[in-house]
Amino acid sequence: MTSRGDHTSLPTDPAATDAYLLDEDDVLDRFGSRRGGLTSDEVAEHRAAFGDNVIVEVHSESLALRFLRQFKDWIIILLLACAAITAYLGDALTSVVLVLLVLINTSIGFFQEYRSGKTMEALQHLSLSLCQVERDGVLTELDSTELVVGDVVLLAEGAAVPADIRLIEASAFSTNEFALTGESDPTRKYSHRIATEVAVAEQHNTAHAGTTVATGEAVGVVVATGTRSELGRIARLAEAAPQTSSPLQREMGHIGRIITYAAVTLSLALLVVAVWADLPLHEAVLFAVGFASAVIPQGLPAEVNTALAQAAAALAESKTLVKRLSAVETLGSTEVICTDKTGTLTKNEMTVTEIVAAGRDFVAHGTGYEPTGDIRPTAADPFDRDRLVAFLLVGVLASDARLLPPDDEHRSWHVLGDPTEGALLTVAAKAGIDPQRERAAHRRLREFPFDSARKLMTTIRTAPDGAVTAYVKGAPESVVARASRIDEGGSIRPITEVDRQEFLAAHIRSSDRGLRNLAYATRPATDSDVEAVDPQLVESDLILLGFVSMVDPIRDQVPEAMRRAIDARIKVNIITGDFARTAEAVARKAGLDHDHGMVVVTEQQLRAMSDDEVLARALDGGTVFSRVDPTDKTRIVELVKRSGRVVAVTGDGINDAPALRHASIGVAMGASGTDVAKEAAEIVLLDDSFSTLVRAVEQGRVIYANISKGVISCLTSNAAELVVNMASLILATVAGLPLAINVMQILAIDLLGELLPIAALGRDPEEGSVMKRPPRDPKARIVNLRSIRDLLYVGSIMGVLAIGNYLLFYEREGSSPFAGPVDPSSVAGATTMTYVTVLVCQLFNITQRRSEGGLFTRYTLSNPTYWIACAAGVAIMLAIVYVPWLQAAFKTGPLAPMDWAFVMAAAAIFVAVREGGRLLRQRRRTPNSEASVHAPADGSSRAPSRPRNTAGGS
């Protein structure tokens, strides 16, 4: 046999080994190690061969790349092209303004993602970054990242398992594997080899990275580190999921492409026309750039990003972290929610609620691990409280967990060890028992750990009076099968078959209500029991005492949130690793059967179903998929997503990461979730609550409606500027008139005038009840045929009014532009009239589009931020008109009171036409149009009705 320091003795791929099939000494030989650990030289060899104990983030993005990604937008590219052309032609001011605009647009999205990234870094933590390792025969403490394959590690209660470790010694050792397998109960571990190949969850002689030690101590050898561990394998699987764009990203890309093609094509055509009209080439090119500026909604990316950032900030206040801005809108498109159970629908705090002991039934009050609340009998007749206390003491003495008060890392009472045992300690404390004091008084002599075959755990302890007793807890059917006597409330007698049947019937009735039961028993023990090798010798001839029933309580807000989700036509399914009966009971308490019948699909049924059958069940909603593993969950999610639906998936464990990546939107738990799950998700619920997710969906629907209003409003002013430029070119070609508006004035409308009001639409409150409507169709577009007709119609009205005021200004000045050259001050005043008329009409247009009821509704007065933004826009407009240095920059002139009267007259005409048209359409509505008033703002939904697009015109 080669020496253990010989590099050639090492396996080439430790992550792929069958270490759990080897006995303890063979494992040490296989990984070139010994019980005293590796030497320093061997550590260096192993690190060179297998790498560091770090899970590499394959797609981690630098700040520079994250910023550059913001430039992947057609409108941004077109603005940069315009900036380059104007700089080349010597118009430095316009070029600088365009570049600044691009930087503003890109910075908003970048900084939001940067802030979210920083918050994620704060959320990510390691329970214990240090571990105890044997090196050179000495036990030392090292950072877990320094571990290598072959290291011998000591694992103690409460420690984080730093790598995949094959156990070679174990004493009452168990691990919490919820993050890896989804199972909430600790898994007992042992050190002997497993004879046959088993799944990862059944490798009970191996502790896996990402889990924590619940009870006991163990020594093991590291067999896989970093990306080669089971944790690393799942992380790689999650990284392999394709990145998809959100419905809003696809919509904005569609708008950007159309506008880019239109701007380039029309600008080149008009450049040719301008040159043919004898405009100097320099002016013709500037005119073409100005025309492109009129077509491009320069502020649109900033307006959308600002609205999304505002929504992200509002969601953060309600415990929802948005890692990517587009995820806000995707939430609002959610059609299917696949939620897990433990910690999301429930509190993840096992609580004893009922007790059957000494022939009596009791109810325990209070939830969670805080030892407050009382225990009362269900019947009014007197009872012996001492017997109840003696019964509950059995649960304390047959457990290893510890109940701990709040501290710096925990805001409330918490458990170190098995959560189920924590519930037993809590109910005992409610009866006045001090678990730590009683354990100290009853010295433990022996323990037989729980295993899945016996379904029992037994401790043998000696009491202060010297009596030695075996304390047993376990599955009711296992305990009653081993009982020969029963405690009948003060008297102990032989157990009968009728007793067994009645006991099991009570257990089944309780289980059917979703409660989990543990039976208690005792028996006097002897010295031979303490020395026994076979636990069955001790766990026989038991005295049956009764059982406790416990439940992981439903979160208080969940039933209401479930009702709201179902009312919003969202199909909700529960995907859990728990047993079908428990999952069904939790689902009913959560209100999943609120709308219609509920279906439970077991693991065996799921794997026997075709893809079409699975998809049908998921799209129907109200389905509980039980005993599901990561592969099954990913299959369900992929099927729903491939069907074209927007699916939101919740998860907190390492095993949830692939499904989170494959979902339309992955939602991780911030409080209990693993770092891998948080990295895989786009949304993080900081309070782990399903109700928070539903509120986020509601906010997503509201923000989409607001973005729709903003997009159409923004494009309407561009349509008006297009009409003005077209009319101006015709007048310049036919009659030699000066251009009616310049590039800087167009930018002043789009950036300084309307940007703030449109961005403030993001704070508009909900109008009507968005959660009473069906989800919108993600394939529907904000800019559709109907909205294009509307914005061209409205833009034409604004453009005609602006050109009219442009020409009437010359009339009032007494100078005719048709007669020859015009004084530059008159040209400045006339173009100012164009600029101001378009902007004032646009402010009325934005306000009118805010509500389905038009301009004169109570809703119009909502959102004070909007009115502050309008006031700021008007103030900027007045500064551009009257401040001398701004007049020079924007080529404007001061307006007289009569000029303002014409501006307000144009605005009055605009409002009259818009409101008149709205009233006419209202009268023409069919009797069935009631539903359309409550339809999504994008004009499409999965519902059969055809709602109107309020963003596209009122």
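Author: Let's start with R485, which is partly exposed, with a relative accessible area of 27%. In this predicted model, R485 forms a salt bridge with D541, and their closest N and O atoms are 3.9 Å apart. The two come from distant parts of the chain: R485 belongs to strand β18 (residues 483-487), while D541 sits in the loop between α17 (527-531) and β21 (542-551), 56 residues apart. D541 is partly exposed as well, at 41% relative accessibility.

Now follow the chain to D567 and K772, whose side chains meet in a salt bridge at 3.5 Å, N to O. D567 is part of helix α18 (residues 558-567) and K772 part of the loop between α27 (755-760) and α28, so this pair ties together parts that are 205 residues apart in sequence. K772 is partly exposed, its relative accessible area being 47%.

Another pair to visit is E354 with R513, a salt bridge of 2.9 Å, N to O. Here strand β10 (residues 351-357) holds E354 and the loop between α16 (497-512) and β20 (516-524) holds R513, so parts 159 residues apart in sequence are tied together. Both ends are partly exposed: E354 has 25% relative accessibility, and R513 has 42%.

Salt bridges can also join up: R188, D400, R444 and E447 are linked in a network of them.

How values were computed:
Residues numbered from 1 in each chain as written. Predicted model: local features only at pLDDT ≥ 70, side-chain atom pairs only at ≥ 80, totals over all residues. Heavy atoms only, no water. Salt bridge = Lys/Arg side-chain N within 4 Å of Asp/Glu carboxyl O. Helix = DSSP H or I, 4+ residues; strand = E, 2+ residues; numbered from the N terminus. Buried < 20%, exposed > 50% of the residue type's maximum accessible area, 1.4 Å probe, protein only.
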